[in-house]
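Here is a short report on one protein structure. Take a look at the model before reading on.

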Amino acid sequence: MKACGGSYSPETRRKYFISGPQWAAAYQGQALFHAPTRPAIGFEQIIRKFAELGIGYWTTHDTDVIPTEALGTGRQAEIVAAIRKALAENGLQCSMVTTETFYHAVWAASPAAEAPGVREYAKFRVRNTVDIGHELGAGFAVYWPGSLGYYVQGAIEETDTLRWYAEAINAACDRDIEVAARKGRPTLKHCLEAKPFEPQAEILLPSSDAMLAFIASGLLTHPEMVGLNPEYLHELMWGAAPRAVLARALLAGKLFHFDINDGYRLKHDVDIGVGLVNPLDWMNVLVLLRSHGYRGPFNLDFKPPRTTSQFGVFEVSFPTAVDRFITLWEMAGEVLTDPVMEEATAALRAGGPPVDVRDADALTAATRELLTLHELMAHRLFQILVGQHRGRVYSIG
Ligand code: 3MF
Ligand code: MG
Ligand code: MG
């Protein structure tokens with residue numbers, strides 16, 4: 001780590017709205033087909049480590065720390081009090097809570113299963129998560145319906161399932177309005193997170209765009225409270241351009257929260273640390289977000305590799321992920337004020353010399369040379385990424 005250099009101080013890291021998930025730090029390396037490679041670790045230790053590193057926000061599933069059978073009981077209240085204490089002692093805030101609706105066997109047929117009892121249980125779970133969120137001072141609630149779908153075709157009716165799923169989201173929003181009013185707090189921002197596959201084979205809301213359509217479908221009683229938590233890799237998984245996905249969310253006013261990580265197109269959910277696979281695309285994503293005033297949260301939803309030790313999780317995985325994010329964010333700021341990019345953008349927007357706008361051939365000729373700037377701009381972005389714009393050179397002599 002010393003040889004790598006370039007680390008930001010915890011004080012600097014705390015200035016960014018970067019959150020550390022309980023589940024990412026506690027991940028033991030037990031991916032599908034893999035046994036764990038790291039020992040278990042509790043929330044007190046994780047919160048303390050995040051504080052030392054300068055990760056100012058903590059996020060959690062309802063069942064990351066509270067056992068499923070303790071949800072909604074006095075035991076939950078005790079655990080939530082212990083979490084509040086740990087957060088306060090370490091100067092951290094809980095920014096987001098999320099309901100686990102994919103792991104427990106009760107979700108085998110999804111949180112919107114045919115059985116009315118399962119659906120009532122799903123409502124209990126999301127309402128209870130809203131309660132926990134308000135107790136912990138969170139501003140966001142996330143829903144990842146990873147089991148909303150099927151393995152075998154024709155058994156479930158998609159329109160019924162989606163209506164039933166909407167009922168759970170409506171229950172969460174109604175509870176939120178009630179609790180927020182009682183506590184004198186703002187309501188939470190409810191964020192849907194899409195993933196195209198895994199763990200369910202076919203997923204009913206597989207992309208952020210599908211979720212935008214769901215939010216606008218008329219099924220939600222409070223669509224204004226519901227937006228998106230896109231995840232960078234989840235969009236790559238179906239072959240999308242993440243920046244274009246984010247642009248569509250921004251236009252709809254629905255970019256509430258963002259899960260940051262990296263990985264490969266059209267592959268499974270490898271959850272690699274932000275910027276390790278696609279740093280150029282990541283820089284460009286942050287250019288878009290900065291230019292539209294999005295300032296977070298940025299949730300580190302990655303998985304420290306199985307080859308990284310538990311010591312390495314806190315000495316290498318988390319600090320390097322945070323520092324790459326900060327570097328990419330600052331580079332994105334440089335892109336926005338770069339004179340070459342500014343001049344090229346202005347020239348492109350000015351267009352070529354005036355010609356008859358009904359004459360396609362004349363228009364083509366007028367902009368032909370100008371459009372070479374697209375490739376020049378891509379080259380300039382690469383130079384900014386590797387520092388050549390500041391005079392870093394590689395050639396000898
Ligand atoms: C799955 C995910 C999830 C969600 C989490 C929050 C474990 O691929 O990305 O992380 O982000 O469930 O809703
Ligand atoms: Mg995620
Ligand atoms: Mg994921």
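## Reading the model

A helix here is a DSSP run of H or I with at least four residues, and helices are numbered from the N terminus. By that rule, D176 sits in helix α7, which covers residues 158-183. Keep in mind that this is a predicted model.

Is D176 buried or exposed? D176 is buried. Even so, D176 has no salt bridge. The nearest side chain of opposite charge belongs to R185, and that is 6.7 Å away. A salt bridge requires a distance within 4 Å, so R185 does not qualify as a partner for D176.

Which residues does D176 touch, beyond those up to four places away in sequence? They are V130, H134, T187, L188, H190 and M225.

## The magnesium site

The site links distant parts of the chain: H234 belongs to helix α9 (residues 232-237), while D269 is in the loop between β9 (258-259) and α11 (279-291). H234 and D269 are 35 residues apart. Both of them are buried.

The magnesium ion (ligand 2) is 3.8 Å from the magnesium ion (ligand 3). E231 coordinates both ions.

## Cavities

How many cavities of 30 Å³ or more does the structure hold? There are three. The largest cavity has a volume of about 60 Å³.

The lining of the largest cavity is made up of T101, P111, A122, V126, Y143, Y165, A168 and I169. Two helices, α6 (116-136) and α7, each supply at least two residues of this lining. The largest share comes from α7, with three residues. Helix α7 is also the place of D176.

## A partly exposed strand residue

E202 lies in strand β7, which spans residues 202-203. Its relative accessible area is 42%. Buried means under 20% and exposed means over 50%, so E202 counts as partly exposed.

G149 is 53 residues away along the chain, yet the C-alpha atoms of E202 and G149 are separated by 5.3 Å. Setting aside neighbours within four places in sequence, E202 is in contact with L148, G149 and Y150.

Technical notes
Residues are numbered from 1 along each chain as its sequence is written. Chains are lettered from A and ligands numbered from 1 in the order in which they are written. This is a predicted model: local features need pLDDT of at least 70, side-chain atom pairs count only at pLDDT 80 or more; totals for chains, interfaces and linings use all residues. Side-chain values use heavy atoms; hydrogens and water are left out. Donors are N, O and S atoms within 2.8 Å of the metal (3.2 Å for Na, K and Ca); water is not among the atoms, so sites may look incomplete. Buried means under 20% relative accessible area, exposed over 50%, partly exposed in between (1.4 Å probe, protein chains only). Lys and Arg count as positive and Asp and Glu as negative; His and the chain ends are not counted. Contact means heavy atoms within 4.5 Å. On a 1 Å grid over the protein atoms alone, a cavity is a set of points where a 1.4 Å probe fits but cannot get out, and a pocket is an open set with protein on both sides within 12 Å along at least five of seven lines; lining residues have an atom within 4 Å of a point. Grid points are joined across faces, edges and corners, and a volume is the space filled by probe spheres set on the points.
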